[in-house]
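Subject: Structure handover

Hello,

Here is the structure I promised to pass on. Please open it first, then read the notes below.

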Amino acid sequence: MRWIAAMAVIFCTVMCCFSKTEAAVLSEATQECLDCHNVFHPGIVADWEKSRHAQTTVKDAMVKKGSDLRISSKTISDALLPSSVGCAECHTLNGQSHEDTFEHNGYDIHVVVSPKDCGVCHATEDGQYAENLMSHAHGNLTGNKLYQDLQRSILGVPVLQDDDKLTYRPENDMTSAESCLYCHGTRLKVTGSEVRDTDAGELSFPIIKGWPNQGVGRINLDGSRGACSACHTRHQFSIEMARKPHTCKECHTGPDVPAYKVYAASKHGTIYATKKDNWDFKAVPWTVGKDFTAPTCATCHISLVNNTDGDRIIERSHRMNDRLPWRLFGLVYAHPHPLRPDLADIRNSSGIPLPTDFDGTPAATYLIDSKEQAKRTHTFQQLCRNCHDASWVNGHWERVENTIQCTNEATKAATQLMQRIWQSGLASGLSQQKNPFDEAIEKKWCDVWLIQANTIRFSSAMAGGGDYHVFANGYYSLSKGIQEMKDWYDLRTTRTKGTK
């Protein structure tokens, strides 16, 4: 009886569904999806109806010219051309390569849509993103034992042993999935299937370990990396959303990467907050001075931008590191950007999987050279010069370079102290084959480069200045932390000498 009632509701809403999607040209399979999901998941359907996918067929989209052309693939299967991009066009695509493909009401569908699926129409963007540091975020974190030691010292479950020693049991998968891997991405795996008693009766579904997740480096069930929905949230996949800083805020809000907080406090952020209602976030190309008057995250790192004369300032790129000469995120030091997005092979001169030595010397073999840094700096500055004159832009970049040098020098002092502490046996680090991040003094050292130096660098690079540069996890906290490390060390070495 419940099934009959549900079908009656579906029948009554079909005409509504047709009227809502009258702009769409639906395939038979997508129409069948909508007939049910318009009842069971109206939020999903309503979101999709507002999308560009719903409002044009693939064939019509492919013949658009210039900036109106949003499809970058040169050839697309004839089967996709006549219809708008709906449920079936994404969730049945490349089914043979998806581990989560299952039979559902007469169709073989998969739950997780991957960048490889999106790449059927958006080949350029898929290829660029595959070369982006973000797409390798899962492997770069989980494949590095040193980073795993740091993660365990943060997320691990503290256990007090009978001998009063405090150890850390590894965090479970769910804890990891909603913390570090929320942004870095989980590894998805089908572990079986289950029958659920739904409003449409009993239906079978795959059980997916690591799901739900939309992390930027998610390992998908077709072997691809990433999630386009991290920035273009489903099912509208809006360019407007990807251009607004709140989208980036989800992962870049600190205190280790305080990009959004610094942006919100900056002059750029103030202009955005005040004037954004008058900006056009959907225009392509995005014209500085017409569509917007201050940069967002996307302006600097991704977007195609023109000036008001129609000249191209910078091309759109989903390979975000194209414009980045420096990797500000200190591991342990800020350093030139890595050559490749897969960081598995990076080793410093001591064989440790870090991009610098403990004295700050870059592992140059794995990082871009000064020529490439200069090229990327020039590319970035082309954007800046559309709102600022050369003296302003040059002065800003000189300060950024100075900040990198100064924070690296401060980090070096803290790291030298930490090395003396390890050498004195007052803490146990890598030389003792121990976790170098799990003791109180080691966490104090981590604060210096992971929180405070990073905050200062982001403040400088994003023209945040003020409190974030000094008192809000800035120089005040940095100098205080290093002094506390020194006092800690002096107190213990004095005691040791006094007992001799």
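A residue counts as buried when its relative accessible area is under 20%, as exposed when that area is over 50%, and as partly exposed in between (1.4 Å probe, protein chains only). You will need that definition several times below.

Two points on the source. This is a predicted model, in which local features need pLDDT of at least 70, side-chain atom pairs count only at pLDDT 80 or more, and totals for chains, interfaces and linings use all residues. Residues are numbered from 1 along each chain as its sequence is written, and side-chain values use heavy atoms, with hydrogens and water left out.

**The chain as a whole**

The protein chain has 22 helices and 11 strands. Both are DSSP runs, numbered from the N terminus: helices are H or I with at least four residues, strands are E with at least two. The radius of gyration is 26 Å, close to the 23 Å that the globule rule gives for 500 residues, so the chain is as compact as a globular protein of that length. That radius is taken over C-alpha atoms, and the globule rule is 2.2 Å times the number of residues to the power 0.38. Along the principal axes, the C-alpha atoms fill a box of roughly 90 × 65 × 40 Å.

Of the 500 residues, 44% are buried. The accessible surface comes to about 25,800 Å², and 54% of it belongs to carbon and sulfur atoms. Accessible areas come from the Shrake-Rupley method with a 1.4 Å probe; for residues, only the protein chains shown count as cover. Contact means heavy atoms within 4.5 Å. Among contacts between residues at least 6 apart in sequence, 56% join residues at least 24 apart.

**Two helix pairs**

Axes are lines fitted to C-alpha atoms, for helices over the stretch in contact, and angles run from 0 to 180 degrees between N-to-C directions. Angles under 35 degrees count as roughly parallel, over 145 as roughly antiparallel, 65 to 115 as roughly perpendicular and the rest as oblique.

Start with α2 (residues 28-40) and α3 (residues 42-49). They pack at an angle of about 120°, with axes 5 Å apart. That makes α2 oblique to α3. Leu34, His37, Asn38, Val39 and Phe40 of α2 meet Pro42, Val45 and Trp48 of α3. By class, this contact has six nonpolar, two polar and no charged residues. Here Ala, Val, Leu, Ile, Met, Phe, Trp, Tyr, Cys and Pro count as nonpolar, Asp, Glu, Lys and Arg as charged, and the others, Gly among them, as polar.

Next come α19 (residues 390-423) and α20 (residues 440-461). Their axes come within 9 Å and cross at roughly 175°. That makes α19 roughly antiparallel to α20. The residues of this contact divide into 13 nonpolar, seven polar and three charged.

**Backbone points to check**

Most residues other than glycine have a negative phi, and most peptide bonds are trans. Some places here depart from that pattern.

Asn94 is not a glycine, yet has a positive phi of about 55°. Asn94 sits in the loop between α6 (87-91) and β1 (102-104) and is partly exposed, at 23% relative accessible area. Asn105 also has a positive phi, near 50°. Look for Asn105 in the loop between β1 and β2 (107-109).

The peptide bond from Arg234 to His235 is cis, with omega near 10°. His235 lies between β6 (201-209) and α13 (239-243), in a loop. Another cis bond runs from Leu331 to Val332, with omega near -5°. Val332 is in the loop between β10 (326-327) and β11 (335-336).

Thr101 is in the loop between α6 and β1. Thr101 is partly exposed, at 28%. Beyond four places in sequence, Thr101 touches Gly95, Asp108, Ile109 and His110.

Val111 is in the loop between β2 and α7 (115-118). Its relative accessible area is 29%, partly exposed. Val111 and Phe205 are 94 residues apart along the chain, with C-alpha atoms separated by 9.1 Å.

Thr253 is in the loop between α14 (245-249) and α15 (259-265). Its relative accessible area of 23% makes it partly exposed. Leaving aside neighbours within four places in sequence, Thr253 contacts Pro258, Tyr260 and Lys261.

Best wishes
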